Amino acid sequence: MTTSDVAQGDKNARPLSLSGHVGFDSLPHQLVNKSTCQGFCFNILCIGETGIGKSTLMDTLFNTNFENFESSHFEPKVKLRAQTYDLQESNVRLKLTIVNTVGFGDQMNKQESYQHVVDYIDTQFESYLQEELKIKRSLHNYHDSRIHACLYFIAPSGHSLKSLDLVTMKKLDSKVNIIPVIAKADTISKSELHKFKIKIMSELVSNGVQIYQFPTDDETVSKINTAMNGILPFAVVGSSEEVKIGNKMVKARQYPWGVVQVENENHCDFVKLREMLICVNMEDLREQTHTRHYELYRRCKLEEMGFTDTNPESKPVSLQETYEAKRHEFLGDLQRREEEMRQMFVQRVKEKETELKEAERELQGKFEQLKRLHSEEKSKLDEKRRSLEDEINTFSKKKTAAELLQGQSFNTNANLKKDKDRKKAPNDQGLVRVIIENTVLHTKQKYNLFDGQQYIDIQDVFNCPISELVVLPGCLECSLLNGISDNVWKLDLNLFNFNSADSRIYIFACLLKNMLFTTSVYYIA
Amino acid sequence: QAGLADTCSVAQTPGHDLFGYVGIEAVLDQMRRKTMKAGFEFNIMVVGQSGLGKSTLVNTLFKSKVSRKSCSPNYEEKISKTVKLQSVSHVIEEKGVKMKLTVIDTPGFGDQINNENCWEPIVSYVNEQYERYLKEELYVNRKPRIPDTRVHCCVYFLPATGHWLRPIDVEFMKRLGKIVSIVPIIAKADTLTMEERQEFKQRIRQDLKANGIRVYPQTEYDEDPEDRILNDKIRENIPFAVVGTDKEHQVNGNKVLGRKTKWGIIEVENVAHCEFTNLRDLLIRSHLQDLKDVTHNIHYETFRVRRLNESNLTGESEGWREKNRGGE
């Protein structure tokens, strides 16, 4: 809750006196009652080497037994362990969180030791900041995890602060309220303690470490706070065991040479620490954390992100405007990058396109070339065919001339024979009877071909070697005839479709390329 | 300093037992001290037609001349042509507790012939205060204590007609009830008899319910059963019928605040006569902090959510309209 500092006297408001009892003096009570219902939150961070007595001191301070377990000395890194407890005293509920550093000062190389602590503290600030910046937020229900007090445990060497101590405290003094304590103070004698305290404080001052000062502005507590400020750091002893002194049981540590009473102000400063930390200044610690340390963190974080209160022309700029400007910038950036990518894409596509076109052209060229070749070859072949046809024509002319000559003499005979043969026609045994008439030699030969016997030896027919053979009709090629290489010419009759009774094929045989002879082959089914 | 006594813990799961005295309860004292030192702020707005006794009531409540009338040296009773809000601040102190009290007056409300939209200046005033607070809260370098000018309570004066709520009453309370805590009261209640008063109150409560108007204390914000019981009692009794005065008279040998009439003296602080004390107790003695809390935790947060969402969606604020055209 923030309220205006009325004590300073607002220039807008005039003081007025009341003529009777109004009743708003109950305001503090109203406020306190509300807070009591909600409960309080207090978070303590204990930094110190392993075994220096942090957990024991916490137990003693809060008069209870928190579940603690001893940590080992062999932690590779400094870890922070936070535990939350719900305490209640009369009607006040306290949510106490104790954060312990585990393994602090145990590593061989202690350079990174303080970083984890700093990070932890920053993380708590960050989550509060996040909650505060949310649109829908619930700050009054928020479990405040920011560290309100940091107890720094100094080892009771009696000489001076270790460099690790100085470095750590310097890093933390602007982030958290540091209260240094000398741990295990029962190992130092009174005079040594006095010198030790002075040495520590002077070292802190000379190194510019700002530890928490108890506030002295409120008259009620300024006297005691000022006195306590002079006794810092508190030399404490912690113990959860009780020893009987007189007729009372007190918290104490029993040695063969005496008993160190924790709550005896002559023996150690424990009671002072408890007074200062809890009874007198708890609220102030919380307030300082919120108004000083947290605000500093928030300011730095926001400035880091680029938010300012005034723009370069020194005109006030609201957070929203900055946020909007940034958002716009970001969106503009995105758009630009999108454009770039699109253009790159377009360019690549174009490139690919030209490549493909090139390839296409090449292929087209090749295709045309091939086509040309083909057409050339085709025309060559056509020529050959034409010449061949010409040859055939001349041959047939010669043949008809020759036939005419023969036809005059054998005309009647041949006709008769033909007729006879035709009358014999139907052979229904599936037999293929072939008659080969050699018109040149005027011979006829009959072949009966059964299934399986297919070939007719043309050379038989002509009785001489044949150099070339042309068979009509159709598309017969020399490949139909076997034995070309051996000059043995066989006619495979199965290749012909002899359907009608009067099928003839003409075979023109060329003997040694000199003369044309014809043979007719008849088929009789 | 904390006393050494007693009180061990009350074991509460999952709490921890304290074996002895620690001193945690001293934090209450610490808090009390700090708040007393810092002081409090309270901003109260009074709304109603002129002549209903707003200034007198505020003066009676705070037992001093806090109203605008009493402060301005050359004050003339004039009915203003428009609704103009004026605020006056005083610092009052009681038993060490300092309070900066701001009274916001709304002269001209409901006084015109045509009263349409007379609530608008008031609505914008309330929202302006929220806006101002939000701006301060959003600064990178913030003030350690943000000045709080937000309206914590709006006392609405109903004329004692005895009938029902008038249209202007319904309209005003409907709109303002969403953004500020309204406490309706029956002004100049000495013109109603007890029976008339009860009936009137009942009718008003019915009217409020029928129109969905939420007045303080709102049921939704009751935090626990105790609160609910307390607040239920209050809710059964609103609106309080009040009479205000700053004059004192002698009754039975005591000096009392009252209005002297031919037929008797109306004692303002007598619960049998009027409910002024109830109102004072509610506003000041018991619920003042709660009024502030409701304003801060609920009304202000609602405003903030709406405002931040608006600026995200439409980019409506000074000077960004052109910039945002391209972005969306």
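In this predicted model, Val88(B) sits opposite Val103(B), a residue of strand β3(B). The two strands involved here, β2(B) and β3(B), run antiparallel and are joined by nine bridges. Strand β2 covers residues 86–94 of chain B, and strand β3 covers residues 97–105. Together they make a hairpin with two residues between the strands. One turn residue, Lys95(B), is worth a look on the screen: its phi is positive, at about 50°.

Strand β2(B) also pairs with a strand from the other chain. Strand β1 of chain A, residues 14–16, lies parallel to β2(B), and three bridges connect the two. Within this pairing, Pro15(A) has Val91(B) as its bridge partner.

Elsewhere in chain B, helix α6 (residues 194–210) contains Arg197(B). This arginine is buried, yet it forms no salt bridge. The nearest side chain of opposite charge belongs to Glu275(B), 4.8 Å away, whereas a salt bridge would need the charged atoms to be within 4 Å. A polar atom of the Arg197(B) side chain does lie 2.6 Å from the backbone oxygen of His273(B). Setting aside neighbours within four places in sequence, Arg197(B) is in contact with Leu192(B), Ala241(B), His273(B), Cys274(B) and Glu275(B).

How confident is the predictor? For chain B, the average pLDDT is 80, and 84% of the residues score at least 70. In residues 1–14 of chain B, however, the pLDDT is below 50, and this stretch has 21 contacts in the model beyond near neighbours in sequence. Residues 315–328 of chain B also have pLDDT below 50, with 22 such contacts. The model as a whole scores ipTM 0.79 and pTM 0.68.

How values were computed:
Residues numbered from 1 in each chain as written. Chains lettered and ligands numbered in written order. Heavy atoms only, no water. Helix = DSSP H or I, 4+ residues; strand = E, 2+ residues; numbered from the N terminus. Buried < 20%, exposed > 50% of the residue type's maximum accessible area, 1.4 Å probe, protein only. Lys, Arg positive; Asp, Glu negative; His and termini not counted. Polar contact = N/O pair within 3.5 Å; in protein donor to acceptor, adjacent residues only side chain to side chain. Contact = heavy atoms within 4.5 Å. pLDDT = per-residue confidence, 0-100. Pairing = 2+ DSSP bridges.
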